[in-house]
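Hi,

Here is the structure I promised to pass on.

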Amino acid sequence: MARSLVDLLTLHASRQPDRTAYRYLVTGDCDGEIQDISYARLAERSRAIAAWLQERGLAGSRVMLLYPPGIEFICGYLGCLSAGVVAVPGLPPHGRSQNHRALLRMKRLIADADAQVILGGREVIAALATMTEHLPELAGITCVATEDIPDEAAGSWREPDLTADSVAFLQYTSGSTSAPRGVMVTHGNLLDNERVITERMGHTPDVIEEYDHELFVSWLPVYHDMGLIGPVLNAAYLGVTATLFSPLHFLQRPERWLTAISRYRPHTSGGPNFAYELCLKHTTPELLDTLDLSRWKVAFNGAEPVRAATLRRFTETFGSAGFRREALYPCYGLAEATLIVTGSSVHAPPTLATTTTATAAATTTATSADGTGARAIAPGARSVDAAAVGSGRPGPGITVVIADPERQEELPEGEVGEIWVSGASVAKGYWRNALATRQTFRAGLVGREGRFLRTGDLGFLRDGELFVTGRLKDLMVIEGRNHYPQDLELSAEMSHWALRPGCTAAFSVDIEGEGEQPVVVAETAPEAVGESEKIIDLIRGAISEAHGLPVREVVLVHPGTIPKTSSGKIQRRASRAAYLDGTLSLVGGPEAS
């Protein structure tokens with residue numbers, strides 16, 4: 001029985017040495033330059049890197065991985081695992097607009113992880129040598145381009161002494177509501193979650209044969225858990241082929257994703273809801289005529305709120321290209337549970353809550369603004385279109401309960417509370433943060449044995465299926481009524497064509513004498529600069545009509561300026577702080593109501 005992905009890589013390299021493990025589209029285009037690596041070559045490169053690490057006595061140490069998108073990252077990551085080293089995936093600085101944010105994140109990760117070595121591509125390592133003025137932390141760290149480690153080093157590789165409880169890597173959370181923390185994911189966690197992904201997404205031996213091992217296409221960033229644990233590591237777990245390309249190439253031309261799916265005909269591919277919206281925005285009749293999406297069986301959608309309207313429009317638009325509604329696959333997961341917690345049923349369409357059920361579920365239980373939770377404080381106010389998409393059922397061996405976190409009691413079906421999770425996929429805790437580990441990973445439930453992970457997410461269960469309704473600490477309580485910010489954001493975005501999908505932040509501010517008041521910050525397309533006043537009025541009207549809520553202020557900002565996490569989630573706290581500090585990049589001056 002395999003103890004780790006290292007064992008499985010050895011097995012695949014032995015049984016199918018020539019099979020392509022990963023194919024990388026260098027330009028993002030199927031007809032451009034393509035790099036690939038077989039399982040035999042992947043094992044050789046991983047062992048060479050591992051041997052280099054072992055020879056320097058680094059087993060158990062933290063090694064940061066700073067690579068551009070591509071196959072070399074995978075070799076470095078598996079090299080760390082093969083050496084018994086704790087991998088720390090990171091995002092290298094790139095481009096002027098991202099440089100400051102990436103440098104700050106690197107500083108934080110290097111300090112928190114106490115990284116001894118940085119592995120990266122040649123260009124990244126060369127760039128780091130010029131950054132010592134901004135990153136004095138680099139002075140005591142060895143930086144190595146893994147392409148320069150010779151293949152011959154693999155001959156001195158020694159199989160590491162790994163157990164299920166050995167830490168494989170630190171997955172730093174994206175920090176949508178707090179500073180990033182290093183989640184300690186063990187080798188046992190990894191194997192269990194890959195097992196769950198395999199079962200939930202229907203990656204059976206028969207399916208693998210039917211698809212001739214062509215299982216994935218992915219543009220997702222590999223330093224983030226969805227891109228890493230999903231397409232990259234599930235491919236290594238199963239011994240199948242994954243076609244990869246850069247997230248930047250996807251953002252530049254979203255049609256590249258659909259073209260790659262049409263060309264390589266994988267079983268599984270997906271991304272956050274905004275990715276589907278981008279495809280809808282950039283699709284043309286000419287593109288539709290070239291696509292064949294009929295073999296796409298699992299179109300997973302997670303990491304941010306799944307919109308019922310997006311699912312409907314995607315099916316309607318791409319149905320002519322063979323896309324089937326049953327392929328839509330909403331799912332829910334988080335780094336603290338390695339990745340996947342719940343997933344939809346393969347070959348069945350997504351579940352949508354009815355208006356009556358969704359409204360009742362939202363109003364039965366409210367949660368106070370400080371996150372402690374209180375039952376039946378006040379009726380909720382939740383739009384069904386925004387949060388009524390089911391995220392599927394727990395994977396085998398995973399338990400999901402909806403809890404009142406203050407009373408530590410399980411809530412009945414249909415009531416909204418905090419989502420708590422237990423199972424072998426739940427990570428060990430936060431790196432060097434005993435207090436946060438105790439608060440998040442050691443929750444107890446009245447009448448239940450064992451400990452639970454507090455996800456910080458709100459949701460309810462119906463017929464065993466999870467419906468995610470928002471973040472615990474993002475909930476707004478205004479005049480005694482609960483409002484989910486993503487609902488206000490969706491209403492705002494749908495009010496005018498120039499408002500960018502997934503680029504709106506709603507939050508509340510405390511106004512003396514008036515209490516909590518809602519504010520909306522929204523990115524607008526540059527070509528709509530002359531329509532600011534009209535857009536502001538439309539946003540106010542849409543939120544007032546849908547939620548019965550007057551918005552204190554609407555602020556329009558330039559594209560790409562709303563704070564987001566590394567995985568693309570809106571950082572509402574950071575947006576609120578920028579609003580209060582007056583540091584938002586304003587397009588038009590809103591008027592207070």
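Predicted model: local features only at pLDDT ≥ 70, side-chain atom pairs only at ≥ 80, totals over all residues.

Residues are numbered from 1 along each chain as its sequence is written, and side-chain values use heavy atoms, with hydrogens and water left out.

**Two helix pairs**

Helices here are DSSP runs (H or I, at least four residues), numbered from the N terminus. Their axes are lines fitted to C-alpha atoms over the stretch in contact, with angles from 0 to 180 degrees between N-to-C directions.

Start with H1 (residues 5-15) and H8 (residues 225-238): their axes come within 8 Å and cross at roughly 60 degrees. H1 and H8 are therefore oblique to each other (under 35 degrees is roughly parallel, over 145 roughly antiparallel, 65 to 115 roughly perpendicular, and the rest oblique). On the H1 side, Leu5, Leu8 and His12 make the contact, and on the H8 side Leu233, Ala236, Tyr237 and Leu238 do (contact means heavy atoms within 4.5 Å). Six of these residues are nonpolar, one is polar and none is charged (Ala, Val, Leu, Ile, Met, Phe, Trp, Tyr, Cys and Pro count as nonpolar, Asp, Glu, Lys and Arg as charged, and the others, Gly among them, as polar).

Next come H10 (residues 255-264) and H11, which pack at about 95 degrees with axes 9 Å apart. That makes H10 roughly perpendicular to H11. H10 brings Glu255, Trp257 and Leu258 to the contact, and H11 brings Ala275, Tyr276, Cys279 and His282. By class, that is five nonpolar, one polar and one charged.

Leu278 sits in H11 (residues 273-282). Leu278 is partly exposed, at 21% relative accessible area (buried is under 20%, exposed over 50%, partly exposed in between, with a 1.4 Å probe and protein chains only). Beyond its neighbours within four places in sequence, Leu278 touches Phe250, Leu251 and Pro254. Its C-alpha is 8.2 Å from that of Pro501, 223 residues apart along the chain.

A polar atom of its side chain lies 3.1 Å from the backbone oxygen of Val426. Outside four places in sequence, Asn189 has contacts that include Met184, Thr338, Val426 and Lys428.

Cheers

Definitions and conventions. Polar contact = N/O pair within 3.5 Å; in protein donor to acceptor, adjacent residues only side chain to side chain.
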